[in-house]
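Thanks for coming. I will take one model this morning and go through its sheet, its helices and its core. Please have a look at it first.

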Amino acid sequence: MTEKKRFIIGSRGSKLSLAYSNHVKNLLLTELGERVMQPNLGIKLKRFLFEPYTDDIPKQVEASITDTFSYWLPFVTIVQLDVKMNPSLAGNDYHTLNVYVEFALNKDPSSTESVQIRIGE
């Protein structure tokens with residue numbers, strides 16, 4: 001008789017890492033002002049989608065993510081943060097924002113997890 005697992009195991013092999021990955025993903029996907037009782041929770045990533053593209057836009061997105069994480073997820077350290085936008089007017093990726101965050105918990109900096117989201121699809 002095989003035992004059914006009730007929890008999904010994270011990519012690093014723990015339920016705890018999956019929980020923190022969900023915290024990170026939920027914060028990235030929550031727009032600032034979306035939560036009625038917590039209007040300061042979230043990041044305004046969608047506002048960057050329709051601004052004229054400059055090389056400074058990904059840096060602004062990274063700064064916004066870093067500031068928000070330091071306030072709402074102080075127990076998380078960002079190891080790597082990649083923000084990519086399509087500067088061309090052609091293709092299916094126009095007006096999309098790809099964010100990749102690799103992070104570690106402050107209490108265990110040697111173990112990392114990653115989350116990747118795409119805004120604007």
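Helix α2, residues 57–72, lies across β1 and β2 and runs at about 155° to β1. Some conventions before I go on. This is a predicted model, in which local features need pLDDT of at least 70 and side-chain atom pairs count only at pLDDT 80 or more, while totals for chains, interfaces and linings use all residues. Residues are numbered from 1 along each chain as its sequence is written, and side-chain values use heavy atoms, with hydrogens and water left out. Helices (H or I, at least four residues) and strands (E, at least two) are DSSP runs, numbered from the N terminus. Axes are lines fitted to C-alpha atoms, for helices over the stretch in contact, and angles run from 0 to 180 degrees between N-to-C directions. Contact means heavy atoms within 4.5 Å.

Now the sheet. It is open, with three strands in the order β1-β2-β3 and antiparallel pairing; two strands count as paired if DSSP finds at least two bridges between them. β1 (76–85) and β3 (108–119) are at the edges with a single partner strand each, so one side of each has no neighbour in the sheet. From one strand to the next, the twist averages 15°.

β1 pairs with β2, residues 97–105, over nine bridges. Within that pairing, L81 stands opposite V101, and T77 has A104 as its bridge partner. β2 and β3 also pair in the antiparallel sense, over nine bridges. There, L105 has D108 in β3 as its bridge partner, and a hairpin of two residues joins the strands.

How many of the nine residues of β2 are buried? Seven are, so β2 is largely enclosed by the rest of the structure. Buried here is under 20% relative accessible area, exposed is over 50%, and partly exposed is in between, with a 1.4 Å probe and protein chains only.

That leads to the core. A nonpolar core is a set of buried Ala, Val, Leu, Ile, Met, Phe, Trp, Tyr and Cys residues joined through side-chain atoms within 4.5 Å. The largest one has 26 residues, and those with the most contacts inside it are L28, L45, V61, I65, F69 and L97. α1, α2, β1, β2 and β3 each supply at least two of its residues, and β2 gives the most, with five. Take L28: leaving aside neighbours within four places in sequence, its contacts are I43, L45, I65, F69, V101, V115, I117 and I119.

Two loop positions next. L41 is in the loop between α1 (15–29) and α2, and is buried at 11% relative accessible area. Not counting residues up to four places away in sequence, L41 touches L27, T30, E31, L32, G33, R35 and W72. Its C-alpha atom is 8.3 Å from that of T68, 27 residues apart along the chain. T96, in the loop between β1 and β2, is buried at 3%.

Last, charges. A salt bridge is a side-chain nitrogen of Lys or Arg within 4 Å of a carboxyl oxygen of Asp or Glu, and by this rule the count is one. R47 and E51 form it, at 3.7 Å from N to O. R47 is partly exposed at 44%, and E51 is partly exposed at 30%.
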